[in-house]
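Hi,

Here is the structure I promised to pass on. Have a look at it first, and my notes follow below.

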Amino acid sequence: QVQLVESGGGLVQAGGSLRLSCAASGRTFSRYAMGWFRQAPGKEREFVAVVSWTGYTTDYADSVKGRFTISRDNGENTIHLQMNSLRPEDTAVYYCAADPHYSLEGYRYWGQGTQVTVSS
């Protein structure tokens, strides 16, 4: 069982930056792949980024490549999403997720989400 709590969301102007964090509970955090997903109003939830349990392997949605960076600190049971060059279309609720398998979908555990709003 893994509990996830996101933080770091807020309101930012286009071109600005935000850093999201996700704190995880559970002794086996280091054995889980961790991902970020987002859901904009009226749209389905979509994949943003994933990091392997070692932290050495990552994948990103095409829409955020070169702007977002996912990282993890297994000692602190935390992952981060550094978001640069933010655009209004990045506005969404961002969710942290965990799963024993490295994947771009089908995650087992989810956080409650944190709102990111990018103004033009």
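Strand 4 and strand 9 (residues 92-99) pair antiparallel over seven bridges; strands here are DSSP runs of E, at least two residues long, numbered from the N terminus, and two of them pair if DSSP finds at least two bridges between them. Before you go further: this is a predicted model, where local features need pLDDT of at least 70 and side-chain atom pairs count only at pLDDT 80 or more, while totals for chains, interfaces and linings use all residues. Residues are numbered from 1 along each chain as its sequence is written, and side-chain values use heavy atoms, with hydrogens and water left out.

Back to strand 4 (residues 33-39): six of its seven residues are buried, meaning under 20% relative accessible area, with exposed being over 50% and partly exposed in between (1.4 Å probe, protein chains only). Ala33 has Asp99 in strand 9 as its bridge partner. Strand 4 also runs antiparallel to strand 5 (residues 46-51), joined by five bridges, and there Phe37 stands opposite Phe47.

Those two rings also form an aromatic pair, edge-to-face, at 5.8 Å centre to centre and 75° between the planes. (Rings of Phe, Tyr and Trp, the last by its six-membered ring, pair if their centres lie within 6.5 Å; planes under 30 degrees apart are stacked, over 60 edge-to-face, the rest tilted.) Phe37 is in strand 4 and Phe47 in strand 5, so the pair ties together parts ten residues apart in sequence. Both Phe37 and Phe47 are buried. Phe37, Phe47, Tyr107 and Trp110 make up one aromatic cluster.

Cheers

Key
Helix = DSSP H or I, 4+ residues; strand = E, 2+ residues; numbered from the N terminus.
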